[in-house]
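Hi everyone, thanks for coming. Let me put the structure up on the screen, and then we can walk through a few parts of it together.

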Amino acid sequence: MTGDSGASATDLSTEVGPLRLRNPILTASGTFGYGLEFAERADLRRLGGLVTKGLSLEPLAGNPPVRIAETRGGMLNSIGLQNIGVERFLSEVLPGLAGLPPKVVVNLFGYDQDDYVRLAERVDPHPGVAAVELNVSCPNVSKGGIEFGHDPEILCNLVRRVRSVTGKPVVVKLSPNVTSPVALGQAASAGGADILSAVNTFVGMAIDTRSRRPVLSTVRGGLSGPAIRPLALRIVWDVAREVDLPVIGIGGIETVDDVLEFLLAGASAVQVGTAMFRDPRTAERLVDGLRERLQAEGVVSVGSLVGAAARPV
Amino acid sequence: MVALDARGKVLEVRLLPRRHFLLRIRVDGMEPAAPGQFVMVAGANQAEPYLRRAFSVYDQEPVGKGVVAVSLLGKVIGPGTAALASCLPGQDIPFLGPLGRGFRRSGRDGGCRGRAALVAGGIGSAGLGMLARALARAERPFDFYYGGRSADDLVEAAEFGRLSESTGGRLFRTTEDGTAGSRGLITEALAATLEAGTRGSTGAYETVCTCGPHGLMAAVARIAEEYGVEGEAAMETPMGCGYGACLGCAVELERGGYALCCRHGPVFDLSEVVW
C-alpha cells in the first residue's frame, strides 16, 4: 500500500476554503452510507473526506420500492432520504469515524428552515464533524429541501440562519435542475456559505416497456453516474468562474482523468458517488492514481491545477 | 463475515437450454458462502451495463488452500447477464462476496430437523442450490418443487432430483405448458402435499424455503401461513451495490418500514415480508 510519506514530490493536499483535506477525493452523500458500510471493503483511511448520507432530525424510512433503475451510463435513484436520524448518527456512527484521517462532512436536510437550523446546532459541538453540507437539492422528497435550492432568496436566508448557529464550514450542495445554478451559488455565498458542492442528481425517469409503467415508485428519480459528467462539469465551470467560493465537483467521476477535468474546470476537490457502487474501492484507487499521474507529469500541487483550464494560455 | 472484494478467474461457462448458463469462477481468499448468500459480478472489461449484477451462489467447492470455485447459475435476460454468459475461460472478472444473510432456520447450522420443502420457480432454483446440497449433506429429508413455463425452464432438474432423493425425498415438477412434470403451477403441488399432510398426525413439512418470481413466493407465503408452516424466501430486488450503501434494494416489512435486501436479506422469513 502506498503511504502518504512516499509522496514527497507531489502534494495531494488541497484547501477548500476553510476545509483542509489531505487529498481531493471525497465520497458523495448517499453513496457511501455512513462510511461504515464500506469499512470492510474499502480503506477509508486513504480518502480525503467522506460525506455522510443525508441526515434529518428524525429517522426516515425512505420511499417504497422500486427505488433504483439502471440506465445507460448511470442510474436513477429515489431512495427518499432513508436515514437513521441525526441522534443515532452522532451516538452510534460518528465515534467510529471521528478517529480516522478523512474529514467527515455531515450532509443535512430538513423540511423547513428550522429543521436545518436545529440540525446544524446539534452537530456543531462535535469535533469529529469537519463541515456540514446542506442538501437543498434532493429531487426525491416532496416538500423536501428542493424549494430551498430553487429560490435564491429563500436559499440565502436559510444559509444565513445556519451560518449563525455553527462555526463549522458550511457547504451548499447545488441542484442542477434550475435555470441558473450560478444564481443559487451567488445566493448561498451572500448568505455566508463557505463552499459550494456541484452538482446533485438530475431529475429523470425510466419506463418498463414490458409492464408499460414507470420503473420507480415515485416516477421521477435522480440520475447519477457517467451519463451526467459533461453536464455536471459545465455547471462546475460556470459556478467556479462566477461565484466567489471554492467548489467541490460531483457528477459521474470514476477515473483519474475525470478528477483532473473537474479540477481544471475549477473544483478544489471532488466527490465520488455512483462509481462506488460499481467498485467500492474506486475512491482509494483514485487517490493512488492521481498521485501517480501528477508525479509523472511533474505537478507539485493539486492547487496549481484548480481552474487551470479557464486561465489564458 | 468479511466479504471479499477481488477478481475472479473464469474457469468455465456452460451454455444451457433457453439462454441459461452456468458460470464457474475461481476466487482466491474467499470465505465459503452460506446457503442463500450472493455475490456481485460483472463481465470482463464491461463498460455497460454500469453496475454489477447480484447472483446467488449456486454451488461452491474448494480447489486448493483458500481458493474456492464458485458456480453461478443464471439466465440471459439483458446486457448484464449476456456479458457474463459470454465470458471466456481465463478472463478476470470483478467479484464481491459472499454477501447478505442466507437461510437461517434451514441453513448450514439451522435448527430444522424435520422435513423441508424447497420451492423454486424457474431460475430461482439457483438460490436453492446451496441449501439443497447442505440438507443432503446433513441427511435432512426434503422435497424439491420445481415449476416453470416449459420443460427448458427446469434447468438442473436432474441434479435437484438426485439431491432430494438422496435424503428420501422426491422431486415434483410442474410446467404451465405440460412439457415436463404435470401441467399447472408448482404452488398447487405444494398445497396438495400440505393438504394431504393435514390428514396425518403432523404436518407434511416443518419448513418451506422458496426462491423464484415474486408472485410465486407470495403464493408460497400464503400457503405456508394457511397450513401453519414456517419458512423463508430468498428475495430478489434491483440492487445498486450489494453491500448496504445505496439503499436501493428496499423490501417492505410487516412490522413497518423497509429492510435492505442485500444486508438483512436476501433471505427473509416468509412472515416478515409484505407480499
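So, what covers the buried residues of helix 5 of chain B? The cover includes strand 8 (116-121), helix 4 (186-197), strand 12 (207-211) and strand 13 (230-234), each of them in chain B. Please keep in mind that this is a predicted model.

Which residues of that helix are the buried ones? They are B:Leu216, B:Met217, B:Ala219, B:Val220, B:Ala221, B:Ile223 and B:Ala224.

Now over to chain A. Here you can see a closed barrel of eight strands, in the order 3-4-7-8-9-10-15-16, with parallel pairing. From one strand to the next, the twist averages 25°.

Let's zoom in on one pair. Strand 4 (residues 49-51) and strand 7 (residues 103-108) of chain A pair in the parallel sense, over three bridges. In strand 7 of chain A, A:Lys103 is the bridge partner of A:Gly49.

Helices pack on this sheet, too. Helix 2 (residues 113-123) of chain A touches strand 7 and strand 8 (131-135) of chain A, and its direction makes about 155° with that of strand 7. Helix 9 (residues 282-296) of chain A packs on the sheet where it touches strand 3 (25-27) and strand 16 (267-272) of chain A, and the direction of helix 9 makes about 175° with that of strand 3.

Note on methods
Residues are numbered from 1 along each chain as its sequence is written. Chains are lettered from A and ligands numbered from 1 in the order in which they are written. This is a predicted model: local features need pLDDT of at least 70, side-chain atom pairs count only at pLDDT 80 or more; totals for chains, interfaces and linings use all residues. A residue is buried if 20 or more other C-beta atoms lie within 10 Å of its own, exposed if 12 or fewer, and partly exposed in between; C-beta atoms are placed from the backbone. Helices (H or I, at least four residues) and strands (E, at least two) are DSSP runs, numbered from the N terminus. Two residues are in contact if their C-beta atoms, placed from the backbone, lie within 7 Å. Two strands pair if DSSP finds at least two bridges between them. Axes are lines fitted to C-alpha atoms, for helices over the stretch in contact, and angles run from 0 to 180 degrees between N-to-C directions.
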